[in-house]
Amino acid sequence: QFYMYRNAGQWYPHDRYCFVQPIPPEESIIFKPLTEEPLMGIMRYPNAYLLGQGIESGDMVTFRPESEYEFTVDGEKLYRMFDHQITCKIQRS
């Protein structure tokens with residue numbers, strides 16, 4: 001079973017999978033004793049469906065609870081999840 005493949009130095013997610021990079025906690029007046037912001041991350045490897053929905057690599061996204069499955073890709077921690085577990089794209093100004 002595989003979730004992503006590499007071709008000519010570029011990673012491509014397979015089928016309904018995508019990969020999201022966790023981010024550090026956002027600054028807040030509420031203390032967060034966490035190493036990563038919950039349910040948010042940077043889309044690193046979107047699949048064809050997500051690209052068609054306007055979600056590209058580098059976009060900030062949110063995702064459903066308990067959808068993350070941790071992988072290390074090229075030394076980087078990423079979460080593998082299904083495209084339907086991505087809930088929205090965050091627009092930053």
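Modeller: Let's start with Tyr17, which sits in strand β3. Strands here are DSSP runs of E with at least two residues, and helices are runs of H or I with at least four, both numbered from the N terminus. Keep in mind that this is a predicted model, where local features need pLDDT of at least 70 and side-chain atom pairs pLDDT 80 or more, while totals for chains, interfaces and linings use all residues. Numbering runs from 1 along each chain as its sequence is written, and side-chain values use heavy atoms, with hydrogens and water left out.

Biologist: Why is Tyr17 called buried?

Modeller: Buried means under 20% relative accessible area, exposed means over 50%, and partly exposed is in between (1.4 Å probe, protein chains only). Tyr17 comes in at 9%, so it counts as buried.

Biologist: Which residues is Tyr17 in contact with, leaving aside neighbours within four places?

Modeller: Contact means heavy atoms within 4.5 Å. On that basis Tyr17 touches Gln1, Phe2, Tyr3, Asn47, Arg80, Met81 and Phe82.

Biologist: What makes strand β3 largely enclosed?

Modeller: Of the 6 residues in β3 (residues 17-22), 5 are buried, so the strand is largely enclosed by the rest of the structure.

Biologist: How do you know which strands β3 pairs with?

Modeller: Two strands pair if DSSP finds at least two bridges between them. β3 has 4 bridges to β7, in the antiparallel sense, and 4 to strand β4 (residues 40-45), also antiparallel. Cys18 has Met81 as its bridge partner in β7, while Gln21 is partnered by Ile42 in β4.

Biologist: What is the strand order of the whole sheet?

Modeller: It's an open sheet of 6 strands, running β6-β7-β3-β4-β5-β8 with antiparallel pairing.

Biologist: Why are β6 and β8 called edge strands?

Modeller: Both β6 (69-73) and β8 (86-90) pair on one side only. For β6, the partner is strand β7 (residues 76-82), with 5 antiparallel bridges, and Tyr69 stands opposite Arg80 in β7.

Biologist: What about Gln85: buried or exposed?

Modeller: Gln85 is in the loop between β7 and β8. Its relative accessibility is 15%, so it falls on the buried side of the cut-off. Residues up to four places away aside, Gln85 touches Thr62, Phe63, Arg64 and Ser67.

Biologist: What makes Glu36 and Lys77 a salt bridge?

Modeller: The rule asks for a side-chain nitrogen of Lys or Arg within 4 Å of a carboxyl oxygen of Asp or Glu. For Glu36 and Lys77 the N to O distance is 2.7 Å, which meets the rule. Glu36 lies in the loop between β3 and β4 and Lys77 in strand β7, so the pair ties together parts 41 residues apart in sequence. Glu36, at 21%, is partly exposed, and so is Lys77, at 31%. These two also join Glu70 in a network of salt bridges.

Biologist: How many salt bridges does a search of the whole structure find?

Modeller: The search finds 6. Another one joins Glu76 and Arg44 at 2.9 Å, N to O. Glu76 is in strand β7 and Arg44 in strand β4, so this pair ties together parts 32 residues apart in sequence.

Biologist: Why is Glu76 called buried, and why is Arg44 called partly exposed?

Modeller: Glu76 has a relative accessible area of 19%, so it ends up on the buried side. Arg44 has 25%, which puts it in the partly exposed range.

Biologist: Which parts of the chain does the Lys89 and Asp59 pair link?

Modeller: Their side chains meet in a salt bridge at 3.3 Å, N to O. Lys89 is in strand β8 and Asp59 in the loop between α1 (48-52) and β5 (60-63), 30 residues apart. Lys89 is partly exposed at 32%, whereas Asp59 is buried at 16%.
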